[in-house]
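Subject: Structure handover

Hello,

Here is the structure I promised to pass on. Please open it beside this email and follow along.

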Amino acid sequence: MIKVFSSDSCGYCTKLKAYLDSRRVKYDVIDVTESRENYDKLIGVSGQTGIPVTVFDSGEVVIGFDKPQIDRLLS
């Protein structure tokens with residue numbers, strides 16, 4: 001399952017989730033503002049604090065809303 005690290009106040013996070021929804025992609029949302037544990041997980045997978053971060057089943061990580069990279073990993 002794809003994991004999306006995000007927050008409700010992040011505009012690019014909202015765009016990313018809407019895009020994944022339009023492609024009918026299932027994903028889990030990890031809200032980094034809900035707990036320190038979620039925030040620490042974000043840093044662990046991406047090495048940074050910026051969101052959105054998408055983690056694919058393959059282990060590949062996409063930082064930001066990089067549509068071409070996301071499309072490549074979904075195909």
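Start with a pair of charged side chains. Asp-71 and Arg-23 form a salt bridge, with their closest N and O atoms 2.7 Å apart. This pair joins distant parts of the chain. Asp-71 is in helix α3, while Arg-23 is in the loop between α1 and β2 (27-31), 48 residues apart. A salt bridge here is a side-chain nitrogen of Lys or Arg within 4 Å of a carboxyl oxygen of Asp or Glu. Side chains of opposite charge can pair when their charged atoms come close.

A word on the source. This is a predicted model, in which local features need pLDDT of at least 70, side-chain atom pairs count only at pLDDT 80 or more, and totals for chains, interfaces and linings use all residues. Residues are numbered from 1 along each chain as its sequence is written, and side-chain values use heavy atoms, with hydrogens and water left out.

Next, how open is that pair? Asp-71 counts as partly exposed because its relative accessibility is 25%. Arg-23 is partly exposed too, at 37%. The cut-offs are these: buried means under 20% relative accessible area, exposed means over 50%, and partly exposed is in between (1.4 Å probe, protein chains only). The areas come from the Shrake-Rupley method with a 1.4 Å probe; for residues, only the protein chains shown count as cover.

The salt bridges

How many salt bridges are there by this rule? The count is four.

- Asp-40 pairs with Arg-36, the closest N and O atoms being 3.0 Å apart. Asp-40 is partly exposed, at 38%. Arg-36 is exposed, at 57%.
- Lys-41 pairs with Glu-37 at 3.7 Å, N to O. Lys-41 is partly exposed, at 40%. Glu-37 is exposed, at 53%.

The disulfide

A disulfide is a pair of cysteine sulfur atoms within 2.5 Å. By this rule there is one. Cys-10 and Cys-13 form it, with their sulfur atoms 2.5 Å apart. The link is right-handed, with 80° about the S-S bond. Is each cysteine buried or exposed? Cys-10 is buried because its relative accessibility is 12%. Cys-13 is buried as well, at 0%.

The cores

A nonpolar core is a set of buried Ala, Val, Leu, Ile, Met, Phe, Trp, Tyr and Cys residues joined through side-chain atoms within 4.5 Å. The largest one has eleven residues, including Ile-2, Leu-16, Phe-56 and Leu-73. Which elements each supply at least two of its residues? They are β1 (2-6), α1 (11-22) and α3 (67-74). Helix α1 gives the most, with three.

A second, separate core has six residues, among them Phe-5, Ile-30, Val-32 and Val-53.

Now take Leu-20, one of the residues in the largest core. Contact means heavy atoms within 4.5 Å. Leaving out residues up to four places away in sequence, Leu-20 touches Val-4, Val-25, Tyr-27, Ile-70 and Leu-74.

Asn-38 lies in helix α2. Asn-38 is buried because its relative accessible area is 12%. Residues up to four places away aside, Asn-38 touches Phe-5, Ile-30, Asp-31 and Val-32.

Val-55 lies in strand β3 (residues 53-55). Val-55 is buried, at 14% relative accessibility. Beyond its neighbours within four places in sequence, Val-55 is in contact with residues including Met-1, Phe-5, Val-45 and Val-61.

The surface

Last, a nonpolar patch. Val-45, Val-61 and Ile-63 make a nonpolar surface patch of about 200 Å². Patches use residues with over 30% relative accessible area and no salt bridge; like charges are joined within 9 Å, nonpolar side chains (Val, Leu, Ile, Met, Phe, Trp, Tyr) within 5 Å. Val-45 is partly exposed, at 37%.

Best wishes

Note on methods:
Helices (H or I, at least four residues) and strands (E, at least two) are DSSP runs, numbered from the N terminus.
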